Every structure is written in C-alpha cells, then in structure tokens.
Amino acid sequence: MQSLLIKAPAKLNLGLQVLGIRSDGFHSLESVFAKISLYDSIKMELTLKASEIKLECTGVSSPADKTNIIWKAAELFLLKTGYKSKYGVSISLHKTIPSPGGLGGGSSDAAAVLLGLKKLTGDSIDLMSLGEQLGSDVPFFLLPEETAFVEGRGEKLKPVFVPNFFCVLVHSGENIPTPMAFKLWDELQGGLTKACNISDYTALKFGAWHEGKPFPVRLDNDFLTLLLNRFPSMAWTVKELSRLTNNWGLSGSGPTFYALFRSQSEAIEAEAHLSGKFPWVCRCQSR
Ligand code: C5P
C-alpha cells in the first residue's frame, strides 16, 4: 500500500487573550497563530487489517496507544468515512516538538493524520468538523495558510498577514498541561490577568498587521502573569529574553517562550546566548 511522510509544524501564539469561560467549559480566546519551521514527522500507510490502528513513537516521549491524539484522529477518520470496515492504519511518529509546550504539537500531529488519510483514501470528507472534535487547535493546522487570527475556542479562523521572522524558542522544563493553565485562569482571573483590550486587534482583523512597527502590535499573553505566579523560576527566562529583545512572548499556555528577530544573524546570536542556560533551545523561523 502507498505510504506518506508528512511534516507537522509547530505554532507560536503572537499574543493571546483569554476573554472568558463558555457554557461548555472551554474558554473564548483571541490570538494570532503562526506556523513555524519546527516539525514532528509522521509516516502513515493504510493496511488491509480493517479498523486496526498501529502507532510507533520515537523522539520526545509520547504514548503509543489510544490516548495519543494521533490515534484518535485515525480512528475518527476511519469511522466517519466508513473505511473502518475496509482499512486499518499504521503510523510512525517521530516527535521533536516539546509536549506539553504551548506549541500545538499534538494538534498539528492530529491535523497531519487527517490530511494524510484524506490523501491516501481520496475521500472528499470535510476535515474541519473532525478537527474541532479532536482539539481546539486542530482546525488551525488544517488551514493551508501559515498564519491566522483565531477566535472562539480556536475554531474561528481568519488568515492574516504576519511579516517573516526568525525565532529562538526556550523551554525551561516546567510541566504545564493545558488544562492546568486554564484552571489557573479560572481561579485567578480578574486578580492577575491584564485587562483585555480587544481594540488592539482591530488593525489585525482588517489585515493591517504591523502599523509601521516591525512586529505585531502586542505579544502579551494572559497566561504569563498566572504562570509567573505559580512558577516563579520562569521569571529568569523572562529576564534572559528581555536582555536580548522586546519582541519576546509566551506561546499558548506555556511553558515555551520565544524571541522574534528580523534577521537570521540576530537569531543566531541570541541562540548562542541562550544555549546551555536552558534545557531546550531551538532556532527556527516563520513559514
Ligand atoms: O481542546 P484541547 O483538547 O486542546 O483542550 C485541552 C484543555 O484545555 C481542555 O480540556 C480545556 O480544559 C482547555 N481549553 C479551554 N479552552 C480552550 C482550549 C482549551 O478551556 N479554548
């Protein structure tokens, strides 16, 4: 059977505001998502063992069982398309994107599996509704565009223009699963989060991204104050990044931070400065 190798990119959140809690327990967000050149690799092929899913994982630790979002994506695709009675899927994941990292690695893997299976089967199913069922960030990774203004739970997407950038990512090793970060927001919102100023995003909504500035209007992330309060050691990461540039931010619900640069040489210099000070440092760029 034909096999397919897909690269699943990570994303950065260029600013993130949590607007409130919804009746379904999820939170309404506003953020700009940007895909970057850091990838998980996924090899997949259909097998003739009806409804059997095989998953092998290497690299960054990831469960090779039905708790993995990749498994859920394959299962959902086979079920909704009816191929379950005919085919199984064999998948090899090589994971590079830290997890949990705030970089959307799992969601991107799930989107890559849906896109890959659609290609392998030639089915015409609309993947967006499957993506929404799998996770809030999956719809973004199903978009062909590299950058989008994201609202709602993560399913309302408007492509926006973001200038190209080089970036250095740092992860100082804290374990912050996404539900934990949202729980902190539930407990402490109003006390610690910055007041939202939605009008800051108005320019974006109309496609005027940088208003003459080299980078986005704001990179503020509502999780930052909450996480600094819970993990005081993160303040050191902020200090180190602030020494290099004002264009730094926290991605998603953390714990990965990023610094943005206009030129590759600035990014190489920053990488040299940060390497050895953090358990994980990675230089990459916008796509
Ligand atoms: O949708 P996803 O599985 O990525 O979400 C993981 C967890 O993060 C959810 O169970 C929920 O606790 C929280 N979440 C949220 N609001 C969002 C996205 C995620 O509350 N918009």
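Colleague: Across which strands does helix α9 lie?

Modeller: Helix α9 (residues 264–274) lies across β7 (166–171), β9 and β10, and runs at about 15° to β7. Helices (H or I, at least four residues) and strands (E, at least two) are DSSP runs, numbered from the N terminus. Axes are lines fitted to C-alpha atoms, for helices over the stretch in contact (heavy atoms within 4.5 Å), and angles run from 0 to 180 degrees between N-to-C directions. This is a predicted model: local features need pLDDT of at least 70, side-chain atom pairs count only at pLDDT 80 or more, and totals for chains, interfaces and linings use all residues. Residues are numbered from 1 along each chain as its sequence is written, and side-chain values use heavy atoms, without hydrogens and water.

Colleague: What makes β8 an edge strand?

Modeller: The open sheet has the order β8-β9-β7-β10, with antiparallel pairing. β8 (248–250) and β10 (280–285) each pair on one side only.

Colleague: Why is Ser62 called buried?

Modeller: Buried means under 20% relative accessible area (1.4 Å probe, protein chains only). Ser62 has 19%, and is therefore buried.

Colleague: What makes the link between the side chains of Ser62 and Asn68 a polar contact?

Modeller: The term requires a pair of N or O atoms within 3.5 Å; within protein, one must be able to donate a hydrogen and the other to accept it, and residues adjacent in sequence count only if both atoms are side-chain atoms. The two side chains make such a contact at 3.1 Å.

Methods: Two strands pair if DSSP finds at least two bridges between them. Buried means under 20% relative accessible area, exposed over 50%, partly exposed in between (1.4 Å probe, protein chains only).
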